[in-house]
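Trainee: I want to learn how to read features in a model like this one. Can we take them one at a time?

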Amino acid sequence: MSEQNVHEMWSDDDLDLALAALRSDVDTDVARLAGIRGELFGSTDTPAPAPSRTWIRWAAVAAAVAVLVGAVFVVLARRGDDKPVPPATPPAVSPIERIKAVDEPQRPGQFRYVGTHGWLLGQSDTFAYVAETTTTTWVPAQERQDWMQRRTVSGQRKFLFGTEADAREQDALDMWPSGTWHARCGDFLLEQPLRCTGKAYWGEPDEEFMDSLPRDPQQLYDRLSAEAKGGQSHEHRMFTTAADLLRNGTAPADLRLALYRALAKLPHLEVAEGVANLDGRTGVSLAITGSATHEVIIVDPATGQFIGERVVTTIAEAGVAADEVIVDTAVRYGVVDQQGDEPAH
Amino acid sequence: MSQQSPADLPADRDRPFLGGPEPAVQFGRLFDTYAPSLHRYLARRVGAEAAHDLVSETFAVALDQRHSYDPRRGVVRSWLYGIATNLLRRQVRQEVRGLRAIARTAGHEGHTASHDNRVADRVDAAAMAARLAGALAQLSEGDRDVLLLTSWAGLTPAEVADALGIPAGTVRSRLHRVRKWLRANAPTHIEEAGDV
């Protein structure tokens, strides 16, 4: 070792300078990265490939945004279209025609209340359970103002397959975390907002997107048909795409009515009256049966509000038997003066 | 329920929930946000080419293991750098070879104005970097990770702790020890046996 090295020592600044300079000339090939992104997640120019799924969609039930941690949802293999079955026989006057749609007036400064009580599915390859949750959203009069969402979980779970120990082992007993979140436009848990950015879609709709949808039932049907891809069948996907939008609880009355009338054009739509939601409130039900699940939405005929939904398995799959209820909800609405308030009725 | 404190808030831009229904969309955004800086960090450690593969692997592993990310436990950046650090372990020898190669260039800076060499060297960051490389090559993997995650990736000690799965206090003490060792052991002047 040379003489200088015996007593000399670097300062902290020397060290930082040298660290900053070392290999500072590396290049990042942006095109290569874009290629990697495209292979893994789809390119930025085109929508990412939608995973084929049936039940996985129900991750989104009862919340503006699905929130899951601790375990994965089983992605079921995509199936072919439904086997041909004769169209449901329409009643003389469809109950859908009798649905009225009205919105409770909301003054500036007031909040639209959307409260969903539900049993939601959490699932992995070793267990499946439904957990009781309550998700409430307070929507401001102008969507760019502050929204609030609160979720509470009761701790009640019903195991459809596997045991609590199986779920605990995967740290997945609380797939639906509790919390209170604030966000403008209702983009609560997204890393980058979709609403109010021109990226809104059926599952994350904003006013601009909803304004863009036709109110003519046939035109809306055509739009749904064009944009609903995959699913258990095309009809099934059209139905669930409409349900994705309705579930947000923000669709205006004229759009809700147009959606119900568009769904009425589905060849295999099943319509019934007096169907109860989770909390016992009854309404008109619209339902479709896919190759793995029977899906029901329940509509209050007096207001056209989406007051609940139910999903029942039609086949045994991923450890869950047939005829199990994997999603069951009831939705209440109101207009309140402050975030956190409950409606009087 | 009362409002949660920021520390408990389970999700925001830095702590997204990754279990949502559109993982490809969400991970696409994650990639756009973090891949360029992650690539740069990895490229400085093992070269640009290997870094491309590591970035790709990191995000593939992240997608596959998205259920393992708990936003309550740390920011997503830490989690991604943690995955990348594990993958980097396979390339330690390549990294060390690269550092030694840089260290060997330290002897070829020219020797004009010999009495001013020390002054010139001190302001010549590139030359100092080359001298540092040899010392970095002597560090243990874990020590190098702590130092470079901090210095190159810009992670805070708490984030480094999350990434490596060790206590934050350990990160701080290790960082202190490593820096002290480097300051004492990185050559202040080129050791040039051939020059003597």
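Mentor: Start with charge pairs. Side chains of opposite charge can pair when their charged atoms come close. This is a predicted model. In it, the side chains of A:Glu342 and A:Arg332 form a salt bridge, 2.9 Å from N to O. The pair links distant parts of the chain, 10 residues apart. A:Arg332 sits in strand S9 of chain A, and A:Glu342 in the segment after S9.

Trainee: Which residues are joined by salt bridges that share partners?

Mentor: One network in chain B takes in B:Arg45, B:Arg89, B:Glu95, B:Glu141, B:Arg144 and B:Asp145. Over all chains, the structure holds 25 salt bridges.

Trainee: Which salt bridge does A:Asp12 make, and where does its partner lie?

Mentor: A:Asp12 meets B:Arg183, at 3.9 Å from N to O. This pair crosses between chains. A:Asp12 lies in helix H2 of chain A, residues 12-21, and B:Arg183 in helix H9 of chain B, residues 168-185. For reading the distance, the cut-off is 4 Å. On accessibility, A:Asp12 is partly exposed at 36%. B:Arg183 is partly exposed at 22%.

Trainee: What does the side chain of A:Asp16 pair with?

Mentor: A:Asp16 meets B:Arg179 in a salt bridge of 2.9 Å, N to O. B:Arg179 is in helix H9 of chain B and A:Asp16 is in helix H2 of chain A, so this pair joins two chains. B:Arg179 counts as buried because its relative accessibility is 17%, and buried means under 20%. A:Asp16 has 36% and counts as partly exposed.

Trainee: Now empty space. How do I read a pocket?

Mentor: Rolling a probe the size of a water molecule over the atoms shows where empty space is left. Take the second largest pocket here. Its space is about 500 Å³.

Trainee: How many residues line the second largest pocket, and which lie nearest its centre?

Mentor: The lining has 29 residues. Nearest the centre are A:Arg112, A:Gly249, A:Thr250, A:Ala251 and A:Pro252. By type, the lining divides into 12 nonpolar, seven polar and 10 charged residues.

Trainee: Which elements supply at least two residues of that lining?

Mentor: In chain A they are strand S2 (128-140), helix H5 (207-212) and strand S9 (325-336). H5(A) gives the largest share, three residues.

Trainee: Let us look at a single residue. Where is A:Thr303 placed?

Mentor: A:Thr303 is in a loop of chain A, between strand S7 (293-299) and strand S8 (306-313). Its relative accessible area is 17%, so A:Thr303 is buried. Setting aside residues up to four places away in sequence, A:Thr303 touches A:Lys100, A:Ala101, A:Val102 and A:Arg256.

Trainee: Which residues of helix H8 in chain B are buried?

Mentor: In this helix, residues 157-164, the buried ones are B:Glu159, B:Val160, B:Ala161 and B:Ala163. The buried residues of H8(B) pack against helix H3 (76-88), helix H7 (141-151) and H9 of chain B. Just after H8(B), B:Gly165 takes a positive phi of about 70°.

Trainee: Back to chain A as a whole. How many helices and strands does it have?

Mentor: Chain A has eight helices and nine strands. Of its 345 residues, 52% count as buried. For contacts in chain A with a separation of 6 or more, 63% come from residues 24 or more positions apart.

Trainee: What is the mean pLDDT of chain A?

Mentor: The mean is 81, and 80% of the residues in chain A reach 70 or more. Then go element by element.

Terms used. Residues are numbered from 1 along each chain as its sequence is written. Chains are lettered from A and ligands numbered from 1 in the order in which they are written. Side-chain values use heavy atoms; hydrogens and water are left out. Helices (H or I, at least four residues) and strands (E, at least two) are DSSP runs, numbered from the N terminus. Buried means under 20% relative accessible area, exposed over 50%, partly exposed in between (1.4 Å probe, protein chains only). Contact means heavy atoms within 4.5 Å. On a 1 Å grid over the protein atoms alone, a cavity is a set of points where a 1.4 Å probe fits but cannot get out, and a pocket is an open set with protein on both sides within 12 Å along at least five of seven lines; lining residues have an atom within 4 Å of a point. Grid points are joined across faces, edges and corners, and a volume is the space filled by probe spheres set on the points. Ala, Val, Leu, Ile, Met, Phe, Trp, Tyr, Cys and Pro count as nonpolar, Asp, Glu, Lys and Arg as charged, and the others, Gly among them, as polar. pLDDT is the predictor's confidence in each residue, from 0 to 100.
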